[in-house]
Amino acid sequence: MQDIDNFNYFIDQFEDIRVLRYQLPGFKFLTLQQKKLIYYLSQAALSGRDILWDQNFRYNMLVRKTLEAILDNYSGDKESAEYKAFLIYAKRVFFANGIHHHYSNDKLKPGYSESYFASLIDGTNRNYLLLSAGQTVEEFIFILTDVIFNEKLFGRKVEQRKGTDMVAESAVNFYENVNQKEVEDFYKGKIDPQDPYPVSIGLNSKVSKKEGKIIEDVYKSGGLYGQVIDQIVIWLEKAIIASDSEMQRKEIGLLIDYYRSGDLKVWDNFNVLWAQDNEPEVDYNNGFIETYSDPLGRKATWEAIVNYTDIEASRRTKIITANAQWFEDNSPIQPQYKKEKVNGVAAKVINIAMLGGDCYPVSPLGINLPNANWIRKEVGSKSVSLANITNAYDITSLGNGFLEEFAADQSEVERIKNYGPLAEALHTDLHECVGHASGKLAEGTDPNALKNYASPLEEARADLFALYFMMDKKLLDLDLLPSEDAAKASYDTYLRNGLLTQIVRIKPGKDIEEAHMRNRSAITHWVYEKGRKENVVEIFRKDNKSYVRINDYLKLRNLFGDLLKEIQRVKSEGDYEAGKNLIEYYGVKVDPELHDEILERYKKLNLAPYTGFVNPKMIPAYNQGGEITDIVLEYVDDYLGQMLEYGRKYSFL
Ligand code: ZN
């Protein structure tokens, strides 16, 4: 076990990507039983990888297997500039779990030529290529070249621009051969607005048209992705045996039932139990969960994580959840949309032990599940911050020059250096523990009313909740914040990021697409505009560079409160038009001049905007009787090596 202070987090950097690794603090102090449970759940988390690849785009598996074949078997020159460009492309594809950028959704542009690609394939033993029956190598190259190089073909993974057919123009593999209207019609009759316990219809399936008929293929054992799901189930069955909690065993049993049947009612039953089970030392998510990649916000990508409690760091979130009702009662939203009783806001701090599916290699920073509104309302939700992941970010971001470049002045730099990591952690805690859990829908409101704007609006709601209370004296009283300056640090960072720096992730001329970014852009531009008369937030220029300065923190806090009230109203009433206008007007567009400037300044820092992680390797140690006596951790430092290993060990499609 390496010492925390000497742990080397940085692994690799290429294009706009940086790869870190994370540490598993205290793993060696877990019991053997807990380690075994983590190990089995981790194998389940890694086994579903192919599902995500195929969901992202139906040619992704073919591309990946071809890249793997070339990387393992190409016999030509591996020192040439073109081979190095190919290597970078391969790393980017692995990072994105497919050929579309994980964040911008655009097809990745190869840095090598079509003819070079053909020569790579020619230089690879054809036994390793996935030629279909009767297919010649020339035909194989022709198809893949079109898929990889043709910008007009499958150009975007998720298309949500107004006026487009979002289904037909998205390359994501939730739909095939159908258009948006056909999908919407298909689901229209299937939803009963009166049902108090509605299942998440269409969450785990693909919709396509075959011979003129619209059909739905469900992800389940014996169905779509059945052979992969069976592998996940094998490890979940071992996990049941390793768990010492009656509730957890029952719950994993339900998850297996769901994987076998594809029955969304069982999925809800599983989630009800999982949400109630607040105490496990070892916990997990495994399933079709988040709908960000579906342009219609219905279908979920496969993801999995395994985690264990970080007891010491859970102190903060315990205090927050113990006061959840106080936050709800004192929130600036309209009284009729407050929860009389905030239920089951279970928050704790955990350490990630394994990332899988849509959580790998890009990890979330917090988790708040389950997603079904009725479960959240009736049973509650579990909310966690990821200590070891956040720690890896914080430590590597100190001293990279970013803050000095974009902060308005030296006092801001000092504030962030003193309080930044703590303020960020507290923001995340408030967002996850009380933000998402707050508020309720008006009676009869369709939980899907906000459609493609639901995600950014929900993130905005949780962020605003955190921002509003960050400046509350209560946090000082509760000993969550050391000083008001820490709250200011949080506002500084949020405004600087939303108004200036987050657009480093956007290519010139492009709009903001991703939900969290739309949320941050919408919030900051809204408060900037509303506070303009009183100069609450100022964008000023110095030496031809733009900076953001907050002139009145308390007024800014009130503006956050005003917007929180409005967004809660939008959600509670299902006011699609208002929600859409808010996001479209404040959250989507980028000022091209500012964009150029920020990109230019950012480029000079030579930093990568996106971060991913390699997983540790878990190796069981056996005794002579074949029983596991320990799970040994190995901290991997080869990003591409891990990707290739996963391709060999966990590929079932
Ligand atoms: Zn959130």
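The structure holds six cavities of 30 Å³ or more. This is a predicted model, in which local features need pLDDT of at least 70, side-chain atom pairs count only at pLDDT 80 or more, and totals for chains, interfaces and linings use all residues. Residues are numbered from 1 along each chain as its sequence is written, and side-chain values use heavy atoms, without hydrogens and water.

A cavity is a set of points on a 1 Å grid over the protein atoms alone where a 1.4 Å probe fits but cannot get out; lining residues have an atom within 4 Å of a point. Volume is the space filled by probe spheres set on the points, which are joined across faces, edges and corners.

The largest cavity is lined by 13 residues; Ser104, Ile506, Lys510, Asp511 and Glu513 are the closest to its centre. Residues lining the second largest cavity include Trp274, Asn307 and Ile367.

The zinc ion is coordinated at 2.1 Å by His431 (NE2), His436 (NE2) and Glu459 (OE). Donors are N, O and S atoms within 2.8 Å of the metal (3.2 Å for Na, K and Ca); water is not among the atoms, so sites may look incomplete. The donor spacing in sequence is H-x4-H-x22-E. His436 and Glu459 are both buried (under 20% relative accessible area, 1.4 Å probe, protein chains only).

Notes
Buried < 20%, exposed > 50% of the residue type's maximum accessible area, 1.4 Å probe, protein only. 1 Å grid on protein atoms, 1.4 Å probe; cavity = no way out; pocket = protein on both sides within 12 Å on 5 of 7 lines; lining within 4 Å.
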